[in-house]
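The sequence and structure are shown first.

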Amino acid sequence: MITLSLPFPPSANRLWRAVRGRQIKSAEYRAWLLEAQAAITAARVTGSMPGAYHLEIHATRPDWRARDLDNILKPISDAIAAAGLVINDSKAVSILAAWSPEPPVKGGAITVHLRPA
């Protein structure tokens, strides 16, 4: 099993921007992906999931505002794929995501668990 901590991602509603008729990653999303890659590198994760995998996400809110939990799934899946922890995020056979019962922490927090299917 691989366990790591990631920064709280932008909402899926803020990942893409239309520029001259094309969809591109927003500046906020690009910055977050770099921060997530740095966190994964700093964690010195060894190994990867060579095939199908289970993804478990525990999210601590950055504040008490209402948020859709499912809006953080895509950026996290993209980050672990970009880091080479999984071959492709399409190989996820299950995704479990839950809000932490703990009070919010400044900036929010994400804990990710990956295990082979």
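## Basis of the description

Contact here means heavy atoms within 4.5 Å. Axes are lines fitted to C-alpha atoms, for helices over the stretch in contact, and angles run from 0 to 180 degrees between N-to-C directions. Helices (H or I, at least four residues) and strands (E, at least two) are DSSP runs, numbered from the N terminus.

The model is predicted, so that local features need pLDDT of at least 70 and side-chain atom pairs count only at pLDDT 80 or more, whereas totals for chains, interfaces and linings use all residues. Residues are numbered from 1 along each chain as its sequence is written, and side-chain values use heavy atoms, with hydrogens and water left out.

## The sheet and the hairpin

Four strands form an open sheet in the order β1-β6-β4-β5, with mixed pairing; two strands are taken to pair if DSSP finds at least two bridges between them. Because β1 and β5 stand at the edges and have a single partner strand each, one side of each is left without a neighbour in the sheet. On average, and with direction ignored, neighbouring strands of this sheet are turned by 15° against each other. Within the sheet, β4 and β6 run antiparallel and are joined by eight bridges, and H58 stands opposite T111 in β6.

Strands β2 (residues 16–19) and β3 (residues 22–25) also pair in the antiparallel sense, over four bridges, and A18 has Q23 in β3 as its bridge partner. Two residues lie between the strands of this hairpin, in which R20 takes a positive phi near 50°.

## The helices

The 16 residues of α1 should span 22 Å at 1.5 Å a residue, and its end C-alpha atoms are 23 Å apart, which agrees; the expected span is 1.5 Å times one less than the number of residues. Buried residues (under 20% relative accessible area, with exposed over 50% and partly exposed in between, for a 1.4 Å probe and protein chains only) in α1 are Y29, W32, L33, A36 and I40. Seen down the helix axis, the buried residues of α1 fall within an arc of 105°, so they line one face of the helix; the arc is that of the directions from the helix axis to the C-beta atoms. These buried residues pack against β1, β2, β3 and α2, while A27, L34, T41 and A42 are exposed on the other side of α1. The residue R44, whose phi is positive and near 50°, follows α1.

Helix α2 lies across β1, β4, β5 and β6, and runs at about 125° to β4.

## The nonpolar core

A nonpolar core is a set of buried Ala, Val, Leu, Ile, Met, Phe, Trp, Tyr and Cys residues joined through side-chain atoms within 4.5 Å. The largest one has 25 residues, of which L6, I72, I76, I110, V112 and L114 touch the most other members. At least two residues of this core come from each of β1 (2–6), α1 (27–42), β4 (53–60), α2 (73–82) and β6, and the largest share, five residues, is supplied by α1. Apart from its neighbours within four places in sequence, I76 is in contact with L6, P9, W32, I57, I110 and V112.

T60 belongs to strand β4 and is buried, with a relative accessible area of 14%. Its contacts, leaving aside neighbours within four places in sequence, are F8, S100, P103, P104, V105, G108 and A109.

P101 is found in the loop between β5 (92–99) and β6 (109–116) and is exposed, with a relative accessible area of 77%. Between P101 and A59 the C-alpha to C-alpha separation is 9.3 Å in space, although they are 42 residues apart in sequence.
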